[in-house]
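Keep the 3D view open while you read. This report walks through some local features first, then a sheet, then the helices.

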Amino acid sequence: MDGAGRLTRSVRSVGPQADLKAAAIGAVVLLRERLGRRARVPAKPIIDREPPNRLVLMVERYLPNRTGIALTVLMLLGSAGLGIVKGGHVDEFMVALSDTRNALANSAGFRITEVAINGRKQLSQDEVLAIGGVSGRSSLLFLDAATVRDKLKANPWISEATILKLYPGQLQIDIVERTAFALWQQDGKLSVISEDGAVLEPYVSRRFVTLPLVVGKGADVRARDFLALLDRYPQVRSVTKAAILVGERRWNLRLKDGLDIRLPENDVGNALAMLSKLDKEDRLFSRDIVAVDMRLPDRLTVQLSEEAAKAREELFKDKKTKKKAGDSA
């Protein structure tokens, strides 16, 4: 600095040039931005997709995000359910679902801890519970009393059932059992039946060996009335081995010694009364005969055994021979 004022002159002369340069640079920047905006090319999407239809546009524009998530979850659950149905796993899924909810109820204090079963005679407690579908996994909370009752009544041995749930863990079952009434033989199969003709079970147990035997189609439902009639004539009933229904119309009796009694279609009571009287007075059932035919109302036909028939034939031959010898004398 020489004090002559040269520095002051220099500052004054530089100021306008700097302003012009800055203005020029600003103009160039503005021009580049404007040209750049016009020449800018929109970015190409990574995946090309077809323009959505109106329904999709409305869903994307107006549907809330949470609602979309809920619908997606429902669609996934529906797909899973469809797969279970098509795959044939419905029963397995329902069993698993039932076991899960029962386990939760049992852990909450609703486990079945006491079972009382009243009225059973032929069935054991385990058999009754198995028939009703009650197992160690069952909970009292989710046990359907109506379903258990229906399952029990579907068993031929049980005619009536009552289910009582006593919270938190007691189950009471009252049943009325049918009574074994007779043995029924049909098509070579032997079954135990009740009075109303219901088949209780196949005959496999010797405990039913003393039951009366009825044979033939329809004999199961008609046995009660006929055996009640037969009971009025103990002389006949005591020696009867089987009652055979013929053509679903009339009965035959097979006695213990093999004698066949062919009863009429009508007036069966009178025929049984006549049989009882003939046995008391003439010991009919002890005779050497194989069949008694009572089908005709005005006559009774007796069929002799083969030995008795031969003996009778020989007897007649002897009588004829003696008669001829007497005539010649």
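Asp-267 is exposed, because its relative accessible area is 56% and the cut-off for exposed is over 50%. This is a predicted model. Asp-267 sits in the loop between β10 and α9. Its phi is positive, about 55°, although Asp-267 is not a glycine.

Why is that worth a look? Most residues other than glycine have a negative phi, and most peptide bonds are trans.

Now go to the loop between α9 and β11, where you find Arg-283. Arg-283 is not a glycine, yet has a positive phi of about 55°. Arg-283 counts as exposed, at 56% relative accessibility.

Gly-133 follows helix α5, and its phi is positive, near 80°.

Which peptide bond is cis, with omega near 10°? The bond from Tyr-167 to Pro-168 is. Pro-168 belongs to the loop between β2 (158-166) and β3.

## The sheet

Find the open sheet of 9 strands. Its order is β6-β5-β4-β7-β8-β9-β10-β11-β12, and the pairing is mixed. Which strands stand at the edges? They are β6 (199-202) and β12. Each has a single partner strand, so one side of each is left without a neighbour in the sheet. From one strand to the next, the twist averages 25°.

| Strand pair | Sense | Bridges |
|---|---|---|
| β4 (residues 182-186) and β5 (residues 189-193) | antiparallel | 5 bridges |
| β10 (residues 260-262) and β11 | parallel | 3 bridges |
| β11 and β12 (residues 301-304) | antiparallel | 4 bridges |

Individual residues show how these pairs line up. Trp-184 stands opposite Ser-191 in β5. Asp-260 has Ala-291 in β11 as its bridge partner. Ile-289 has Leu-304 in β12 as its bridge partner.

Is strand β11 (residues 289-293) mostly buried or exposed? In β11, 4 of the 5 residues are buried, so the strand is largely enclosed by the rest of the structure. Strand β10, helix α9 (residues 268-282) and β11 also make up a β-α-β unit, and this unit is left-handed.

## Helix α7

Which residues of α7 are buried? They are Ala-219, Asp-220, Ala-223, Phe-226, Leu-227, Leu-229 and Leu-230. These residues cover an arc of only 140° around the axis, which puts them on the same side of α7. On the other side of α7, Val-221 and Asp-225 are exposed.

Where does α7 lie? It lies across β4, β5, β7 (213-215), β8 (240-246) and β9 (250-255). Its direction is at about 65° to β9.

## Helix α5

Helix α5 (residues 125-132) has Val-128, Leu-129 and Gly-132 buried. They cover an arc of only 95° around the axis, which puts them on the same side of α5. Asp-126 and Ala-130, on the other side of α5, are exposed.

What do the buried residues of α5 pack against? Their partners are β1 (114-118), α6 (145-153) and β3 (170-177).

Definitions and conventions:
Residues numbered from 1 in each chain as written. Predicted model: local features only at pLDDT ≥ 70, side-chain atom pairs only at ≥ 80, totals over all residues. Heavy atoms only, no water. Buried < 20%, exposed > 50% of the residue type's maximum accessible area, 1.4 Å probe, protein only. Helix = DSSP H or I, 4+ residues; strand = E, 2+ residues; numbered from the N terminus. Arc of directions from axis to C-beta. Contact = heavy atoms within 4.5 Å. Pairing = 2+ DSSP bridges. Right-handed = clockwise from strand over helix to strand, strands pointing away. Axes fitted to C-alpha atoms, helices over the stretch in contact; angles between N-to-C directions.
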